[in-house]
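Hi everyone, thanks for coming.

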Amino acid sequence: MSALVTAISLAQDPPAKETLAPIDYGAIMPMLIILGAACLGVLFEALLPRHQRWSAQVALTLLALVGAGVTMAFYIADAPADGTLTLAGAIAVDRPALFLWGTLLALALGAVLMIADRTVEPGGAFVAQAAIRPGTVQDREQRLGAHPDRRDGARFQMQTEVFPLTLFALGGMMVFCSANDLLTMFIALEVLSLPLYLMCGLARRRRLLSQEAAVKYFLLGAFASAFFLYGLALLYGYAGSVRLADIANAAAGSDRSDTLLFGGMALLIVGLLFKGSVGPFHAWTPDVYQGAPTPLTGFMAACTKVAAFGGILRVLSVGLESTQWEWRGIMWGVAIVSMIIGAVLGLTQTDIKRMIAYSSIAHAGFLLIGAIVLTPDGLSSTLFYLLAYGFTTVATFGVISLVRDADGEATHLSQWAGLAKRSPLVAGVFTFLLLALAGIPLTSGFIGKFVVFSAALSDGMAPLVVIALIASAVAAFFYLRVIVLMYFSEPAPDGPTVTVPGAFTTASITLGVVVTLLLGIVPAFALDWADAGTFALR
Amino acid sequence: MITLAQDVQNTMSTGESIAFWVLGPLALFGALGMIFARNAVHSALFLVLTMLSLGVTYMVQQAPFLGFVQIIVYTGAVMMLFLFVLMLVGKDSSDSVVEVLRGQRLAATILGVGLAALIVTAIARSLTEVTPVGLQGVEANGGHGNVENLGRSIFTDWLFAFELTSALLITAAVGAMVLGFVDRHTRGRKTQRELVEMRFRGEHDRPSPLPGPGVFATSTSVATPALLPDGSVAPESLSRLIDSVGAEDLDEEREAITGSAHGAEARALNPSTREGESS
């Protein structure tokens with residue numbers, strides 16, 4: 001019957017020619033460059049001989065990152081101040097989105113340099129053939145390097161697919177930050193997550209741990225996506241639209257039943273908080289940070305957090321601002337739980353990567369404080385905090401990848417004892433980064449915490465700020481513990497050595513350290529940039 | 001026809017009622033069967049029954065696109081994939097049913113029932129105020145059909161989201177290849193030529209294969225050592241795992257072969273009757 005009705009209506013009323021709304025290609029060009037380069041990278045994998053792939057992929061990836069950055073710089077020069085909506089309202093290119101894009105591109109540059117490095121671990125931190133089972137003879141051969149006289153000429157290889165996959169993840173993150181409706185946001189969430197799940201399992205060493213991390217991340221991530229999707233469906237049921245602005249309008253003035261709104265909101269936010277590894281939704285973080293190859297952990301820790309909080313900021317300030325008095329109390333609780341879990345469980349860790357993971361959970365709590373302050377100050381301080389935290393994290397994981405013994409990275413804390421006597425430079429750099437994570441003055445971490453807490457204070461969140469200060473004091477303890485361990489302990493005789501990194505990792509760590517220092521001493525330029533405008537509320 | 005479609009907006013027609021009362025219990029039966037079936041394949045087939053019933057229900061509800069997608073994508077593709085996996089894993093293999101966490105099953109049941117009750121009441125409450133809107137007719141969807149409207153919105157309003165899914169598909173395909181494909185050269189399987197070159201380069205212990213026990217032996221047992229042309233025992237032919245025959249036990253045979261005892265036996269060197277060469 002229905003088909004017949006369709007046929008009748010077709011006969012009565014021939015469909016008019018659809019015209020597409022004009023697309024502002026200038027605004028979305030950075031995103032298109034990244035996604036286009038990712039597709040090109042997949043073609044490189046298919047068409048280039050094996051020995052050319054690494055160099056071609058690295059060149060392409062770096063070119064794409066720089067190209068996207070340059071295009072964005074040109075666009076910012078004459079971008080409309082209150083942002084622009086394009087692609088039929090699916091993408092909002094406004095000042096916060098541009099700031100987040102810039103942050104993501106810069107952080108990805110640092111992370112890609114680390115991923116591309118083949119000097120710290122011969123052949124790179126990624127496995128040569130992921131399909132070979134861990135523990136077999138072939139696996140040992142590919143880890144230790146194939147025979148020098150192998151016909152294909154390359155002793156150490158890596159799975160070069162990680163470069164296009166990284167670009168896909170980055171493209172997904174950029175879309176996620178600027179998505180103006182929940183449907184685009186959901187697809188972007190999947191685009192950014194799927195490559196990360198995959199790359200988590202590609203470590204060259206400790207492959208079983210790495211694969212376990214990938215499976216865990218995938219399963220929990222699938223749950224979180226389901227939460228997000230279910231929340232999206234309920235919000236659609238409430239507002240009759242998935243656009244953030246329509247949801248805001250519906251919530252502001254309607255007598256509809258609020259059950260769908262609150263149910264949808266809760267599920268949606270759970271999905272988002274999972275990605276940001278906040279509070280009680282953090283269960284995946286330590287295992288995944290520990291198991292994933294360290295360069296990828298750096299990428300994931302920095303960029304995913306930026307993207308997730310970019311999404312949280314947009315959803316809260318554009319879509320759910322009018323209902324803030326309903327969700328604010330709950331978000332207070334989530335922020336407190338996150339800070340406490342991060343600070344207290346971080347104290348008990350003996351593995352340095354797990355410790356940084358718990359530190360990131362605590363930082364997620366601090367970021368959430370900034371995110372629920374829905375004033376322009378709150379927005380700009382959270383953006384600044386993301387920038388500062390991202391660079392420090394990338395450099396931290398860069399340094400972690402340098403301290404190695406015969407089995408690969410020496411991540412157990414006891415192995416870091418007396419590191420300052422073996423390598424004063426690395427210990428000094430790591431100390432500086434830990435101080436930045438702890439939020440000591442003259443580092444970016446201090447300025448970040450300062451602006452977030454002052455924005456929260458001016459919005460009447462004094463109790464939350466007090467708790468946050470206590471949590472940062474507790475967290476500072478475990479950073480200081482590592483510093484004390486490095487400087488005031490005797491090195492073990494069979495302890496790890498510090499690898500002298502090649503140009504790529506050196507550049508990446510230097511970038512992170514310099515930005516951490518610059519943002520700590522002269523933060524004004526970045527604060528101005530973060531404060532340039534608010535979300536496009538349309 | 002069109003007026004009929006409009007009437008449906010508020011009341012249920014007889015046909016629809018009949019369809020619901022046939023399909024609803026069937027879907028419920030399938031869902032319960034899926035949980036309680038012992039055999040994994042039966043369980044999957046029960047789920048197929050539920051999905052088919054739901055698909056038909058959607059079509060009755062004027063949502064032909066959703067109905068067909070339900071049948072083609074879920075029932076046709078996803079469930080068949082499920083069945084393939086079940087068949088590959090082996091339909092008889094079952095998970096361990098030992099509870100790792102104590103009281104896990106009870107807690108899961110209580111929490112699950114609680115969540116279900118919460119969701120059902122919440123949705124039931126929120127739907128009491130809602131006036132149903134038909135998916136077809138002049139008023140709904142601008143007078144166009146459901147499918148047509150879906151096509152329109154996919155290629156205009158949601159064009160970007162639609163295009164972005166291609167990134168997802170590419171990632172999935174690349175990922176499957178990364179995790180599943182092993183290059184022949186790195187699998188560790190070498191060609192015969194490579195093996196020969198390696199032998200003569202000295203990467204193996206010796207260029208030739210180890211001597212079998214049967215070169216000058218008269219026994220088929222692997223425990224019989226090979227004898228070198230001068231009558232001594234070739235040490236490489238002795239198995240490390242099996243107690244070999246003592247060299248003095250072979251004296252008699254050695255004498256027989258070298259001809260120092262009674263005349264050489266032609267049969268011992270005749271290939272057609274020689275046994276144990278390969279053992």
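This is a predicted model: local features need pLDDT of at least 70, side-chain atom pairs count only at pLDDT 80 or more; totals for chains, interfaces and linings use all residues.

Now go to residues 106-124 of chain B, where the end C-alpha atoms lie 27 Å apart and the span is 100% helix, with 0% strand.

Next, chain A and its helix packing. Two packed helices are described by the angle between their axes and the distance between the axes. Take helix α12, residues 294-319, and helix α14, residues 352-372, both in chain A: they pack at an angle of about 15°, with their axes 11 Å apart. Angles under 35 degrees count as roughly parallel, so α12(A) and α14(A) are roughly parallel to each other. Their crossing is right-handed. If you zoom in, α12(A) contributes residues including F309(A), I312(A), L313(A) and L316(A), and these meet a set in α14(A) that includes I361(A), A364(A), L367(A) and L368(A). By class, the contact of α12(A) with α14(A) has 10 nonpolar, 3 polar and 2 charged residues.

Now, which helix α17 residues does α14(A) touch? First the geometry: α14(A) and helix α17 of chain A, residues 424-438, pack at an angle of about 30°, with their axes 11 Å apart. That makes α14(A) roughly parallel to α17(A). On the α17(A) side you'll find F430(A), L434(A) and L437(A), and on the α14(A) side I352(A), I356(A), S359(A) and H363(A). The contact of α14(A) with α17(A) divides into 5 nonpolar and 2 polar residues, with no charged ones.

Let's finish with two single residues. Is R53(A) buried or exposed? R53(A) sits in helix α3 of chain A, residues 50-77. Its relative accessible area is 15%, and buried means under 20%, so R53(A) is buried. Leaving aside neighbours within four places in sequence, R53(A) is in contact with F44(A), E45(A), L48(A) and T160(A).

The other one is Y236(A), in helix α8 of chain A, residues 207-239. Y236(A) is partly exposed, with a relative accessible area of 46%. Not counting residues up to four places away in sequence, Y236(A) touches S241(A) and V242(A). The C-alpha atoms of Y236(A) and L182(A) are separated by 9.2 Å, and these residues are 54 apart along the chain.

Note on methods: Residues are numbered from 1 along each chain as its sequence is written. Chains are lettered from A and ligands numbered from 1 in the order in which they are written. Side-chain values use heavy atoms; hydrogens and water are left out. Helices (H or I, at least four residues) and strands (E, at least two) are DSSP runs, numbered from the N terminus. Axes are lines fitted to C-alpha atoms, for helices over the stretch in contact, and angles run from 0 to 180 degrees between N-to-C directions. Angles under 35 degrees count as roughly parallel, over 145 as roughly antiparallel, 65 to 115 as roughly perpendicular and the rest as oblique. A crossing is left-handed if the near helix is turned anticlockwise from the far one by less than a right angle, and right-handed if clockwise. Contact means heavy atoms within 4.5 Å. Ala, Val, Leu, Ile, Met, Phe, Trp, Tyr, Cys and Pro count as nonpolar, Asp, Glu, Lys and Arg as charged, and the others, Gly among them, as polar. Buried means under 20% relative accessible area, exposed over 50%, partly exposed in between (1.4 Å probe, protein chains only).
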